[in-house]
Amino acid sequence: MKTFWQRFLLNPRVIVGLVWLASVVLVAVLADVLTPRDPFAIVGAPFARPGGALWLGTDSLGRDVLAGLVHGARTTLLIAVLSTLAAVAFGTLVGAVAGYYGGVVDDILMRTTEFFQTIPSFLFAIVLIAILSPSAMNLVIAISVVSWPPITRVVRAEVLSVKSREFVQAAVVAGQRDHAILVTQVLPNTLSPLIVTGSLLVATAILIESALSFLGLGAPNQMSWGFMIGAGRSFLRDAWWLVTIPGVAILLTVLSINLIGEGLNDALNPRLADL
Amino acid sequence: MSDPVLTIDGLTVSLPPWSDRKHAVSNLSLAIGKQEIVCVVGESGSGKSIMGKAILGLLPKPHVRATGGRIMLEGRDLLQLPDEDMRRLRGGRIAMIFQEPMTALNPLMKVGRQVEEVLEFHTDLKPSARRARVLQLMADVHLPDAERMVNSYPHQLSGGQRQRIVIAMALALEPALIIADEPTTALDVTTQAQILHLIRELQRAHGTSVLFITHDFGVVAEIADRVAVMRHGEVVEAGTADAVLRSPQADYTKALIAAVPGLRPRVKDAGTQMPLLVVRDLEKTYVSSGSFGRASRSVKAVDKVSLQLGRQASLALVGESGSGKSTLARCIIGLETPNAGEVLLDGERITGLSREQLRPHRRQMQMVFQDPFASLNPRHRVRDIVALPLRAQGRLDRAEMAKRVAEMLERVGLSAEQGGRLPSELSGGQRQRVAIARALVLRPRIVVCDEPTSALDVSVQAQILNLLAELRRELQLTYLFISHNLAVVEHVATEVAVMYLGRIVEQARTAELFRAPRHPYTKALLASVLTPEPGLGVPDVGLGDAMPDPANVPPGCRFHPRCPVAVAQCGSAAPAPSPRPSGTVECHLAA
């Protein structure tokens, strides 16, 4: 039987996804080294075509598109990862408590979760940003507030199925306390679907962040891919690269995360992958 | 054997490269004569089921495929046959009876229709003729009230009835060969005996050959003409059933036959009579709330049960599935809350205590669960699993805890190296040893064993039962042992309580109960035990097929609808417990 890592890393789709995502992360980490200038600085004539002195050209104000792309990667990834971590932490807590204790606790928590789930998530995020005012921190808050319900549902369903397994009853008979059973026996066995859902959530977070920035609700004074598309959209017919380059970056990054997420799923559930 | 129906010649089935071995079946040869029942016996992983699938062309391609040999049926090599011909052959010349009748039937289709479908695909019979044939088949497999039966859905039938339907489907086209893959393993003991009876009878009447795959030498003795014992994909011994059972040659066969529990009481030392555990008038009712116009259902799983467990005694609770034996045990150990009645542990009342209040009492009473594949946390190492009760009770420091765990592992026959492994790296028997170590590490006085061997291979079952018996003697333990199999019970129990629909209908010392059963249900259970002695024939237990719906307990004596000796009085008045030399029995006729 192949190990998890063999199944995961030998999957060609995962390799493609990992290569792209790793380069984006590398670029984001090294942003200040690769393009030390402020991405908002004006460095040349506006609408310089790509392929000139500046590789990816300039935008309507003469700002370097490459610098925007590199620094935008940092903003976009950071916000996406932080908001996903917050959503996973909160969603797991709610889902685990609801699933494990059941009864009234479950009813209250799940009705609340459904309340959040029934509000169209993007509109909700816009409203939250409008109330909280746009900033990087508030973007993280808004994105995590709209993305935790699916995590809760996944964790609750897993906890429900795991808690009826015999090893949990064995822990009860051994005299282990409830919270200890939840943390040491139940939660570790819900990890696989949680990892898969969580990884796919990063992709959704990137899309929400980009869409908010596109609308001008992103973090001010921080370059992001969505902001670049928003700023370039009125010049689409004259300067195609302003929208296309960050757009393709978003597309490829979201795609690579999805490939990795599916690869994780296949590697964690090898029986399903064979079908 | 002049003219075999099926000849397997040098069959080799390869496994995918990442498996732990290369071949599921290697160089296997076997022949099945006309009107012969050949049993292929082996434990899980022996390749017996893969062989059955290879004959039917149902191997999970492309990873698992036949790489050598021939399977000849009526002059044709099945391995070379195109898919279309193979499909016509399946159900036509070869039919299959599966282990689990519920999954073999389509849950959304009436069973009569499912039998008819077989005829529709393979024959040109007119609809009226088809229907007549379906009714004929229903009568052949002894399903009562065939007209009503054909209009039932699978979930409305009992396990035994469903298996009869599957057998009717297999017989529909008068196949030359029926492959039966553990067809009675999922059934209760009394039903198993009846189904074996039926297969034998139909095989004689229709002149069919049967390839019977099983792990149980008890089944072999009842039904086989010839036997092939398989291990690691190879036949280790083959011959007539008589010869193999009477004088097995291979050590492996000897071990398998010795592992089948017979009916000779072995445990003699009865416990001293100061009761350690007292159960009084315990009741547990499950209520499922009605919805969408359905009435709510209440099932009395345990109905006013009282029992006593003396120090160092070993009481076995025996009954078919649905008898309430597991629920009773779970109420006693505190995994379920009873609706009424009380449990006293060493004179102290433990019913009605909260989980937190119950925690100190857990040191007195521990449990070994049924399925070691489910009862061990797959993400914890063996050492940590065994240490869990010590940690949860929190009275030892780290070093002492490690010492206790190491001692316990050694005591149940596991090495220190195995202590560092994950459950998935252990075999079923080793896992159950881990579960036993976990239950005993607190040095409890009472251990509840919930069918601890039913998920294990036969040869391992005996080892685990022996280990439990040894540990009981050495550590002066008291056992509450749950089982559906009387033959297992007599290895470990000093006393037996037989449960039926939530009541204990008979209770007595083991030897006495086995020698002189008084309740007709106990007699039927004893008659259902299959022993590896050839020539006894399939026992006829004389019970009706299914246990009644537990939500709707029959009036009077609850056993009377299935009772072969019931009289008028049984339908009206419930019998009171009457004493017998070492226990009680609830039957009008036995009183």
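Modeller: Gladly! Let's begin with a strand of chain B: β13(B) and β19(B) pair in the parallel sense over 4 bridges (two strands pair if DSSP finds at least two bridges between them). Helices (H or I, at least four residues) and strands (E, at least two) are DSSP runs, numbered from the N terminus. This is a predicted model, in which local features need pLDDT of at least 70 and side-chain atom pairs count only at pLDDT 80 or more, while totals for chains, interfaces and linings use all residues. Residues are numbered from 1 along each chain as its sequence is written, and chains are lettered from A and ligands numbered from 1 in the order in which they are written.

Elsewhere in chain B, 6 strands form an open sheet with mixed pairing, in the order β6-β7-β8-β3-β9-β10. β6 (94-97) and β10 (234-240) stand at its edges with a single partner strand each, so one side of each is left without a neighbour in the sheet. Neighbouring strands here are turned by 15° against each other on average, direction ignored. Within the sheet, β3 (residues 37-41) and β9 (residues 226-231) of chain B pair in the parallel sense over 4 bridges, and B:Val38 stands opposite B:Arg226 in β9(B). Helix α1 (residues 48-56) of chain B packs on the sheet, touching β3, β6, β7 (177-181), β8 (209-214) and β9, and its direction makes about 145° with that of β7(B). Axes are lines fitted to C-alpha atoms, for helices over the stretch in contact, and angles run from 0 to 180 degrees between N-to-C directions. Helix α11 (residues 251-259) of chain B lies across β3, β9 and β10, at about 105° to β9(B).

Now for the partner chain. 20 residues of chain B are in contact with 16 residues of chain A (contact means C-beta atoms, placed from the backbone, within 7 Å). On the chain B side, β16 (365-368) and α14 (382-393) give two or more residues, and α14(B) supplies the largest share, 4 residues. This side divides into 11 nonpolar, 4 polar and 5 charged residues (Ala, Val, Leu, Ile, Met, Phe, Trp, Tyr, Cys and Pro count as nonpolar, Asp, Glu, Lys and Arg as charged, and the others, Gly among them, as polar).

Chain A itself has 13 helices and 0 strands. Buried residues make up 46% of its 275 residues, and its C-alpha trace spans about 75 × 50 × 30 Å along the principal axes. Helix α10 (residues 191-214) of chain A holds A:Ile208, which is buried because 22 other C-beta atoms lie within 10 Å. Beyond its neighbours within four places in sequence, A:Ile208 is in contact with A:Phe122, A:Ala125 and A:Ile143. The axes of α10(A) and helix α12 (residues 241-268) of chain A come within 8 Å and cross at roughly 170°. The two helices α10(A) and α12(A) are therefore roughly antiparallel (angles over 145 degrees; under 35 is roughly parallel, 65 to 115 roughly perpendicular and the rest oblique). By class, the contact of α10(A) with α12(A) has 13 nonpolar, 7 polar and no charged residues.

Conventions. A residue is buried if 20 or more other C-beta atoms lie within 10 Å of its own, exposed if 12 or fewer, and partly exposed in between; C-beta atoms are placed from the backbone. Two residues are in contact if their C-beta atoms, placed from the backbone, lie within 7 Å.
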